[in-house]
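Here is a short report on one protein model. Look at the fold first, then follow the text from strand to strand.

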Amino acid sequence: MHRFRPLHDRVLVRRIESEEKTPAGIIIPDTAKEKPIEGEVLAAGPGARDEMGRVIPLDVKVGGRVLFGKWTGTDVLIDGEERLILKESDILGLIEGNTRARAKAA
């Protein structure tokens, strides 16, 4: 397995798939599913640099669950696995506890 280390304020995320059933029990086919907007942080860079060259550490940590925009980041394949690379500023927030998130239908 290759190791991947994000640079600066970038974060490597594994998307967390949403439920495959609606609350009423209707199964959603793969073709109708939206891209997940929730993910687990797999790796994080050291942080961005300020004007003085000091590194400002990231607020996200490896293993944390995050919420991000539907169309944000760059999709990549690493060791055959789909992953997402995004900047910390593209992360909308941290998910704590057993909270689940999904995109609101238009």
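## A buried glutamate

Glu38 is found in strand 2. Strands here are DSSP runs of E with at least two residues, and helices are runs of H or I with at least four, numbered from the N terminus. Is Glu38 buried or exposed? Glu38 is buried, because its relative accessible area is 1%. Buried means under 20% relative accessible area, exposed means over 50%, and partly exposed lies in between (1.4 Å probe, protein chains only).

The side chain of Glu38 has a polar partner: the side chain of Arg65, at 3.0 Å. A polar contact is a pair of N or O atoms within 3.5 Å; within protein, one must be able to donate a hydrogen and the other to accept it, and residues adjacent in sequence count only if both atoms are side-chain atoms.

## About the model

The model is predicted: local features need pLDDT of at least 70, side-chain atom pairs count only at pLDDT 80 or more, and totals for chains, interfaces and linings use all residues. Residues are numbered from 1 along each chain as its sequence is written, and side-chain values use heavy atoms, with hydrogens and water left out.

## Overall make-up

The protein has 0 helices and 8 strands. Its pattern along the sequence is β-β-β-β-β-β-β-β. Of the 106 residues, 27% are buried.

Take the contacts between residues at least 6 apart in sequence. Of these, 66% join residues at least 24 apart. Contact means heavy atoms within 4.5 Å.

In what order do the 6 strands of the open sheet lie? The order is 6-7-1-2-5-8, with antiparallel pairing. Strand 6 (74-78) and strand 8 (91-95) are the edge strands, and each pairs on one side only. On average, neighbouring strands of this sheet are turned by 45° against each other, direction ignored. The axes behind that angle are lines fitted to C-alpha atoms (for helices, over the stretch in contact), and angles run from 0 to 180 degrees between N-to-C directions. Two strands pair if DSSP finds at least two bridges between them.

Now walk across the sheet. Strand 6 and strand 7 are antiparallel and share 5 bridges. Thr74 has Ile85 in strand 7 as its bridge partner. The hairpin of strand 6 and strand 7 has 2 residues between the strands, and Asp79 takes a positive phi near 55° there. Strand 7 (residues 81-87) also pairs with strand 1 (residues 10-15), antiparallel, over 4 bridges. In this pairing Leu12 stands opposite Ile85.

Strand 1 joins strand 2 (residues 38-44) through 5 bridges, again antiparallel. Val13 stands opposite Val41 in strand 2. Strand 2 and strand 5 (residues 65-68) run antiparallel and are joined by 3 bridges. Arg65 in strand 5 is the bridge partner of Glu40.

## Salt bridges

How many salt bridges does the structure hold? The structure holds 6. A salt bridge is a side-chain nitrogen of Lys or Arg within 4 Å of a carboxyl oxygen of Asp or Glu. One of them joins the side chains of Lys87 and Asp9 (3.7 Å, N to O). Lys87 lies in strand 7 and Asp9 in the segment before strand 1, so the pair ties together parts that are 78 residues apart in sequence. Lys87 is partly exposed at 34% relative accessibility, whereas Asp9 is buried at 13%.

Another pairs Glu40 with Arg14, with the closest N and O atoms 2.5 Å apart. Glu40 sits in strand 2 and Arg14 in strand 1, 26 residues apart, and the pair links distant parts of the chain. Glu40 is partly exposed at 23%. Arg14 is partly exposed too, at 32%. A further salt bridge joins the side chains of Glu81 and Arg83 (4.0 Å, N to O). Glu81 counts as partly exposed at 42%, while Arg83 counts as buried at 16%.

## The nonpolar core

Which residues form the largest nonpolar core? Its 10 residues are Val11, Val13, Val41, Leu58, Val60, Val66, Phe68, Leu84, Leu86 and Ile91. Strand 1, strand 5 and strand 7 are the elements that give two or more residues to this core. A nonpolar core is a set of buried Ala, Val, Leu, Ile, Met, Phe, Trp, Tyr and Cys residues joined through side-chain atoms within 4.5 Å.

Leaving aside residues up to four places away in sequence, Val11 touches several residues, including Pro6, Val41, Leu58, Leu84 and Ile91.
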